Structure formats: structure tokens, C-alpha cells
Amino acid sequence: MTFPSINPTTTAAWKKLQDHFVEEQQHTLQEYFRADPQRFAHFSIKWEDFLVDLSKNNLTKKTLGLLEELANEVKLQQAMEAYFSGEKINVTENRAVLHTALRLPEDAQCYTNGLDVVPEVQAVKEKMYAFAQEVISGQHKGYAGKPITDVVNIGIGGSDLGPAMVTEALTFYKNHLNIHFVSNVEGDHVREVIKTLNPETTLFVIVSKTFTTQETLSNARTIRKWFLSHAPKEAVAQHFVAVSTNLEKIIEFGIHPDNVFPMKNWVGGRFSLWSSVGLSIVLAVGPKHFEALLQGAHQMDEHFRTAPFQENIPVVLALISVWYNNFYGAESEAIIPYTQYLRNLPAYLQQGIMESNGKGVDRNGNKIDYQTGTIIWGGSGTNAQHAFFQHIHQGTKRIPADFIGFKTSLYGEQEHQNKLLSNFLAQTEALMKGKSLEQATAELKEKGCSEDEINQLAPFKVFDGNKPTTTILIDQLTPNSLGKLIALYEQKIFVQGVLWNIYSYDQWGVELGKQLANTILSDIEGKSNHPHDSSTAGLLDQLS
Ligand code: F6P
């Protein structure tokens with residue numbers, strides 16, 4: 001089986017979608033709702049504890065049908081089979097893409113390169129769980145004989161964002177360990193974190209798939225130096241563990257081989273929280289909750305693998321995103337979780353989505369002349385309502401937004417929950433309906449404004465409406481539902497990559513900056529004097 005590489009714009013469906021768009025853009029969401037009182041029932045997907053309401057999107061059944069035709073023409077099904085069967089679909093790095101294998105049940109099998117990866121996945125998990133239990137229970141002692149109280153995850157990108165987002169999302173399920181994250185190469189970041197720590201009771205988890213990343217290694221070295229200014233050399237074994245594919249470099253760094261939690265190169269950094277990269281998560285919430293997270297992700301994988309396209313949540317969300325991106329010309333998508341626990345979800349998804357699908361060359365090596373990856377941004381509701389919502393409501397850009405909410409809160413503060421959910425629903429209703437000039441005028445009249453005042457103010461109080469949103473309503477924020485939610489976006493990324501005919505699992509675009517930073521570092525340190533453009537040279541001068 002081969003991974004297909006079909007330019008979507010050459011398909012018959014693409015042409016039909018272009019014609020369909022010309023027709024459809026004349027209609028508004030309000031019209032759709034007036035025409036079909038059952039629109040919600042006709043455009044929502046109920047799956048387990050998820051309800052996905054697509055009805056407030058600019059689309060009809062015909063749109064979804066044509067988008068499905070597009071998926072079929074670019075051979076989405078064949079691509080999915082290649083992906084799940086361990087084919088090396090990350091062609092430019094010659095690797096399989098198997099983060100889905102990390103959440104398979106113990107008795108499943110998954111082959112790549114002729115080898116079943118499941119036994120090794122289970123073995124690494126068992127090692128993580130045994131270690132985490134010892135730390136959580138206090139059995140694992142620091143060099144002064146005291147139990148561990150604090151854990152510092154040292155990593156960046158996928159080795160930071162996933163563990164940090166999930167650890168925060170699952171705060172309700174957390175144990176007594178305080179988890180910290182050091183990521184930026186900025187010395188002030190690492191200093192601010194270590195200034196609060198007691199070396200006798202702190203565990204450091206160095207996470208780097210490659211173990212060559214400048215930020216992570218610099219922070220790990222600074223922390224080790226600080227640690228050794230308090231503790232004897234032998235203590236490193238009790239306080240430093242590492243996660244990586246690069247065992248040689250870990251040993252070279254001085255980590256005891258027993259303290260290594262390996263990972264495989266078929267796990268992409270931005271999809272790695274399910275692997276040993278999730279060690280900080282296991283330490284924070286314990287193996288039981290981590291298992292539930294994995295199980296939720298596996299359930300979503302199964303749904304994705306087996307549900308017909310039109311009932312398949314990741315597929316439908318990817319198709320709708322392509323509809324807005326490539327036909328409506330929408331450039332960005334907002335992610336608005338209505339819970340503070342998920343306030344870092346947009347930042348996490350920025351890496352997942354933009355590092356994956358921000359590509360300009362297709363799978364045949366040709367420069368692309370159509371739009372690919374969307375820009376992802378967002379923030380938690382209701383806070384975001386008081387920040388950037390003005391722009392979504394009355395700005396000039398079309399910003400499709402995912403509203404993610406939970407029916408039940410965790411502490412049961414019902415009054416708060418009612419207010420939270422009323423805002424959650426009110427926003428998507430307002431974005432869809434808007435407010436007409438007549439309504440704005442009537443409201444001002446009712447307030448007792450004069451004719452002049454009304455004429456002057458009314459235009460500013462108009463909301464066009466017709467702003468698309470997708471509502472993802474989940475029963476409750478649990479490790480299981482969080483696993484499902486993250487996997488949903490992971491699979492949406494895959495589908496979009498297939499539709500756009502790009503390789504989603506490499507990230508060559510981050511390399512040039514890294515190379516130039518090394519050159520400039522040597523200039524800053526006075527070891528060299530490379531020629532630069534006048535801007536860079538002028539700025540460099542300011543630093544000396
Ligand atoms: O620079 C981008 C990147 O390679 C990401 O893809 C990755 O998640 C991050 O750097 C960290 O890499 P590593 O885990 O190898 O330190």
C-alpha cells in the first residue's frame with residue numbers, strides 16, 4: 001500500500017466545491033436555521049460522552065457530501081490504512097507515525113519494520129508506572145533521605161507543551177507533587193523556577209527526543225550545576241532521570257542507565273505526551289489516570305478508524321476546516337475551551353497543528369499554489385470574551401471557532417457552572433444571529449435616546465452575525481475525555497494533511513533559525529565575526 005499524493009485542486013470534487021461555494025456564500029446561518037427547524041438534529045454528532053454541534057457552520061448536506069467526495073478522491077481511507085498499519089508515512093524522515101500505538105490495549109498488535117511495537121510500549125509504561133509509584137508514595141528518597149516533593153520537567157516544544165497542558169488540565173486529579181516546567185533558554189526562566197526549589201526533595205526529568213536541543217541541554221546543565229553546588233556527585237542518580245531516543249547522549253550527560261525512559265523515533269515530538277514524554281503527567285496524576293487518558297485517546301482512534309466519514313468527528317472537523325480555509329479564505333481558527341483547566345490547549349494545539357500543517361511543498365515535492373495550514377489561536381472562556389471576542393463579533397475577518405465546554409463542573413459549584421454555560425451558549429448564538437440595525441435602533445429607542453443619538457450610535461451596535469462556530473460539548477473533564485479530545489485534534493491534523501497533500505509529520509521549517517542562532521551565538525561570544533545583513537549587524541552592534 002502506498003500513501004497517496006493527490007493534488008486536491010485537480011479533483012472533480014474541488015471544482016464542484018468551488019461552484020457550490022459561489023452559491024452557498026450568499027446564504028447566511030440565520031437563513032439555514034429558519035429553513036430547517038431541525039438543523040441541530042441534522043447537523044450534530046453524538047458519540048459516547050461527546051456531542052459535536054456542526055449546525056452553526058456555513059454548510060449544507062450538499063457541502064458535506066461534496067467534501068466527502070473530496071476525501072474519497074484524495075484517497076483518505078487508503079492514507080488512514082497506511083498510517084495505522086505502521087507504513088513510513090513520514091517520508092522525509094523515513095519514519096512511521098505511530099503515536100496511536102502508544103494507547104493500544106496490552107493485547108493488541110501493531111507492526112512496523114516487521115516488529116510488533118506493543119510489547120515494548122507496555123514495558124516502558126511499566127517502568128514509568130513503577131518509578132512514579134515509588135516517587136508518589138515517598139519510597140523513592142532524595143540524597144538527604146527525604147521524599148520527593150517537587151518535579152521539574154526540563155524540555156521544550158513537544159517535550160514541554162503536552163506534559164504542561166495535560167498536567168494543568170488534570171489539576172483536579174493531581175496528587176501532592178508540585179510539578180514545574182522549564183522550557184525557555186532564557187536564564188531568568190530557569191532561575192525563577194529553581195529559586196523556589198529544595199535540591200534535597202526535587203526530581204528533575206530531562207525530556208528531549210533528540211537530546212540535542214539547545215534550550216533543554218542548556219537548562220539541564222545549569223540545573224545540574226546548581227544541584228551539585230548543594231549535593232554530592234552521587235546524588236545525581238536519585239534526582240535526575242531522562243526521556244529520549246538518544247541513549248548515547250543521555251549517558252554522556254551523566255544520567256544513570258536505570259534512570260532512562262526510552263522513546264521511539266516513530267513518535268513525533270508534538271504527539272509524544274502518550275509516551276515516556278508523559279512521565280511528568282504520570283508523576284502528577286498517577287498511573288491510573290494516565291491509563292484513562294490513553295484509553296480515551298484509543299477510543300477516539302477507534303472511532304476515527306471505523307466511523308463512516310460523515311459521522312466521523314475528526315474527519316468532519318477537518319473537512320469543514322478545509323471548506324473555510326480553501327473556499328471562504330479564512331486564515332485562522334480559534335479554539336475556545338470554556339474551562340480554565342484547558343487555558344493552555346490553544347498553545348498546545350498551535351504546535352500540533354501549525355508545526356504539522358504549516359507546509360508549502362506537496363508530497364510530490366512541488367511548491368503549493370493553494371492554502372494549507374490554518375493559524376491557530378485562542379484562550380479560555382469566559383476570559384477571552386473580555387479580551388479578543390470583540391474582533392470575532394464585529395471585526396472584518398471570518399474566524400471559525402471551536403467552543404469546547406463541559407456539562408458538569410468538577411467541584412459542583414452549580415451557580416458558577418450555570419453562568420459559565422450560559423455564556424458558552426450565548427456567544428455562539430450571538431455570533432450566529434448577530435443584531436440588525438432595526439434591533440439596535442429599537443434598543444436605543446427603548447433606552448430613551450434621541451433621534452440624533454440613535455442615528456449616530458446605531459451603526460456601531462450592529463452585529464452582522466453569520467459567524468461560524470462548532471460546539472464540542474463533553475459530559476465532564478476527566479482523564480478519559482481529555483484523551484479523546486486531544487486525539488480528536490491529532491486525527492483532524494492527519495486528515496487535513498492528507499487533503500492538502502502535504503507531509504504533516506516533519507518540521508524542517510524550524511531548522512534554519514536554529515542554524516543561524518548558532519552562527520550568531522558564536523559572534524555574540526566573540527568567537528567569530530560572520531558577515532550579516534545591515535539590520536542583523538546593526539542589532540548585533542547594540543549588544544556589544
Ligand atoms: O524545534 C522543533 C522541535 O523539533 C519540535 O518538533 C520538538 O517537539 C521540539 O523541537 C523539542 O525537541 P526535542 O524533544 O528533541 O528536544
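Tutor: A pocket, as the word is used here, is an open set of grid points, worked out over the protein atoms alone, where a 1.4 Å probe fits and where protein lies on both sides within 12 Å along at least five of seven lines. Please keep in mind that this is a predicted model.

Let us begin with the second largest pocket, which holds about 440 Å³ of space. Of the 19 residues that line this pocket, Thr339, Tyr341, Ser409, Gln417 and Leu420 are the closest to its centre. If you look for the elements that give two or more residues to this lining, you will find strand E12, which covers 401–408, and helix H16, which covers 414–433. H16 gives the most, with four residues. Sorted by class, the lining of the second largest pocket has seven nonpolar, ten polar and two charged residues.

Now turn to the largest pocket, where about 1,100 Å³ of space lies. This pocket is lined by 41 residues, and the ones closest to its centre are Thr213, Gln507, Val510, Glu511 and Lys514. Helix H9 (214–228), helix H14 (345–357) and helix H20 (511–524) are the elements that give two or more residues to this lining, and the largest share, five residues, comes from H20. By class, the lining of the largest pocket divides into 14 nonpolar, 19 polar and eight charged residues.

It is in the largest pocket that the ligand sits. There are 14 residues around the ligand, and those that come nearest are Ser159, Ser208, Thr210, Thr213 and Glu355. The shell that these residues belong to has two nonpolar, nine polar and three charged members.

Some of the side chains can be followed down to single atoms. Thr213, which is among the residues closest to the centre of the largest pocket, has a polar side-chain atom 2.5 Å from an oxygen atom of the ligand. In the side chain of Glu355, an N or O atom is 2.7 Å from an oxygen atom of the ligand, while for Lys514 a polar side-chain atom lies 3.3 Å from a ligand oxygen atom. Taken alone, the ligand exposes 400 Å², and the protein buries 87% of that area.

Definitions and conventions: Residues numbered from 1 in each chain as written. Predicted model: local features only at pLDDT ≥ 70, side-chain atom pairs only at ≥ 80, totals over all residues. Heavy atoms only, no water. Near = heavy atom within 4 Å. Polar contact = N/O pair within 3.5 Å; in protein donor to acceptor, adjacent residues only side chain to side chain. Areas by Shrake-Rupley, 256 points an atom, 1.4 Å probe, with all protein chains shown as cover. 1 Å grid on protein atoms, 1.4 Å probe; cavity = no way out; pocket = protein on both sides within 12 Å on 5 of 7 lines; lining within 4 Å. Sits in = over half its atoms within 2 Å of the grid points. Nonpolar A, V, L, I, M, F, W, Y, C, P; charged D, E, K, R; others polar. Points joined across faces, edges and corners; volume = space filled by probe spheres on them.
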